[in-house]
Amino acid sequence: MMAKGLPHQQPIEGVKNIICIASGKGGVGKSTVAVNLALAVAADNPKFKVGILDADIYGPSIPKLMNLSGEPLLTADKKMEPLVNYGIKCMSMGFLVDEAAAMVWRGLMVMSAIDRLLRQVDWAPLDWLIVDMPPGTGDVQLSISQNLPLKGAVLVTTPQDIALADVRRGTTMFRKVHVPVLGMVENMSVFVCPKCGHTEHIFGHDGAHTLAEELGIEVLGSIPLDKHICELSDSGQPVVIADPEGSQPIAILSGQPVAPSRTYSDGSHAKGQVSLHQSSYLT
């Protein structure tokens, strides 16, 4: 029923493929996963041109995670030039306002800002645009999902039951608007004591895998609760770049096919398989 009223999807000029990284709840490491996934995709195939859009207007994280600051320059046709670090084109509201500014905007202003970041930026040429979605399933998430030709969505969660419940809601939203759920990333999956090697599942154990099996989606990778990842992220050095040998749980995301075609119990259908490392899926 919902599909009958969906708006017409409009591609972004010069962008071949778009996926979004989403979470039902804040604080689960979604932006960290988005940044490292973008870098892993670029590292997996150096021919790929990759960009990140920070769609979290109220709490932009990409400037800090990518160690970028300053206002974008304008092209001759008045488009903003993305800021670039580690070879990744980036755009964020954090480049346009003071770092300490509180964005007390209502919905229409937020949607106008999102549209500007999407369509008034000189993204071209780009093989993959990674959209770092704001947490939740509100207007911004719904509008992006309906208005962009998304290849799919990756959901980020912790093993905690309260976070997994929001993954269920996020999966439901994406399926209602016919966006394939490519899979789930389980962040903070386990803590390994650096002194004795003891492992502790602080936020629970196997919750993500159980839910993924129930929902019929894949767990693309599990990332440990690691002080090293946190410190590198806070210093603007993504772990895929700063410590590639220690970033296997993240790097593996760019090297495997995800989301095989299936029909879900609600009748919705995920079309085909999307693999971030197979150029045959670039259209």
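**Exercise 1.** Which residues in helix 4 (residues 139-147) are buried?

*Solution.* First, some ground rules: this is a predicted model, where local features need pLDDT of at least 70, side-chain atom pairs count only at pLDDT 80 or more, and totals for chains, interfaces and linings use all residues. Residues are numbered from 1 along each chain as its sequence is written, and side-chain values use heavy atoms, leaving out hydrogens and water. Helices here are DSSP runs of H or I with at least four residues, strands are E runs of at least two, and both are numbered from the N terminus. Buried means under 20% relative accessible area (1.4 Å probe, protein chains only). With that in hand, the buried residues are V140, Q141, I144, S145 and Q146. They pack against helix 3 (107-119), strand 5 (126-132) and helix 5, where contact means heavy atoms within 4.5 Å.

**Exercise 2.** Describe how helix 5 (residues 161-176) and helix 6 (residues 207-215) pack.

*Solution.* Start with the geometry: their axes, lines fitted to C-alpha atoms over the stretch in contact, are 11 Å apart at an angle of about 25°. Helix 5 and helix 6 are therefore roughly parallel (angles under 35 degrees count as such). Next, find the touching residues: helix 5 brings L164, V167, R168, T171 and R175, while helix 6 brings G207, A208, L211, E214 and L215.

**Exercise 3.** Which residues does L129 touch, not counting residues up to four places away in sequence?

*Solution.* Look around the L129 side chain and you'll find I12, V15, N17, I18, I19, G51, I52, L53 and W123.

Technical notes. Axes are lines fitted to C-alpha atoms, for helices over the stretch in contact, and angles run from 0 to 180 degrees between N-to-C directions. Angles under 35 degrees count as roughly parallel, over 145 as roughly antiparallel, 65 to 115 as roughly perpendicular and the rest as oblique. Buried means under 20% relative accessible area, exposed over 50%, partly exposed in between (1.4 Å probe, protein chains only).
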